[in-house]
Amino acid sequence: MAIIHDSDNSQFTLKLQGLESVLQYRLLGADRVDFNHTFVPPELRGHGHAARLVDAGFAWARAQNRKIEASCWYAAQRLEKELN
């Protein structure tokens, strides 16, 4: 269950049971990133896959010294939890 960073398509992916979950982002200049979309197929929901994708995305952003923004409601919720 490896999460793959597909930088060409600005997303992190997780493939399970022939289905793909994604966390998409867009770069905002040299020092910011906006995580703008998370999708987990209905068959895979409720198992923490979205959380794993967001955690991987946030870890990547921090390693790149990028400020994290989240216009995706799920990523924003995870970011808010980290800040409190």
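Student: How many helices and strands are there in the chain?

Tutor: The chain has two helices and five strands. Helices (H or I, at least four residues) and strands (E, at least two) are DSSP runs, numbered from the N terminus. Read from the N terminus on, the elements run β-β-β-β-α-β-α. This is a predicted model, where local features need pLDDT of at least 70 and side-chain atom pairs count only at pLDDT 80 or more, while totals for chains, interfaces and linings use all residues. Residues are numbered from 1 along each chain as its sequence is written, and side-chain values use heavy atoms, with hydrogens and water left out.

Student: What makes the radius of gyration of the chain agree with a compact globule?

Tutor: The radius is taken over C-alpha atoms, and the globule rule is 2.2 Å times the number of residues to the power 0.38. For 84 residues a compact globule would have a radius near 12 Å, and the chain has 12 Å, so the two agree. The C-alpha trace spans about 35 × 30 × 20 Å along its principal axes.

Student: How many aromatic pairs does a search of the whole structure find?

Tutor: The search finds six. Rings of Phe, Tyr and Trp (its six-membered ring) pair if their centres lie within 6.5 Å; planes under 30 degrees apart count as stacked, over 60 as edge-to-face and the rest as tilted.

Student: Why is the pair of Tyr-25 and Trp-60 called tilted?

Tutor: The ring centres of Tyr-25 and Trp-60 are 4.9 Å apart and their planes stand at 40 degrees, so the pair is tilted. Tyr-25 lies in strand E3 (residues 19-28) and Trp-60 in helix H1 (residues 49-63), so the pair ties together parts that are 35 residues apart in sequence. Ring pairs also link Phe-12, Tyr-25, Phe-35, Phe-58 and Trp-60 into a cluster.

Student: How do you know whether Tyr-25 is buried or exposed?

Tutor: Buried means under 20% relative accessible area, exposed over 50%, and partly exposed in between (1.4 Å probe, protein chains only). Tyr-25 has 5%, so Tyr-25 is buried. Trp-60 has 17% and therefore counts as buried. Of the 84 residues of the chain, 38% count as buried.

Student: What makes Asn-36 buried, exposed or partly exposed?

Tutor: The relative accessible area of Asn-36 is 30%, so Asn-36 is partly exposed. Asn-36 is placed in strand E4 (residues 32-39).

Student: Which residues does Asn-36 touch, not counting residues up to four places away in sequence?

Tutor: Contact means heavy atoms within 4.5 Å. On that basis Asn-36 touches Gln-24, Tyr-25, Arg-26, Ser-71 and Cys-72. For the chain, residues 24 or more positions apart account for 43% of the contacts with a separation of 6 or more.

Student: What is the phi of Ser-10, and where is Ser-10 found?

Tutor: Phi of Ser-10 is near 50 degrees, a positive value in a residue other than glycine. Most residues other than glycine have a negative phi. Ser-10 is found in the loop between strand E1 (3-6) and strand E2 (11-16). With a relative accessible area of 23%, Ser-10 is partly exposed.
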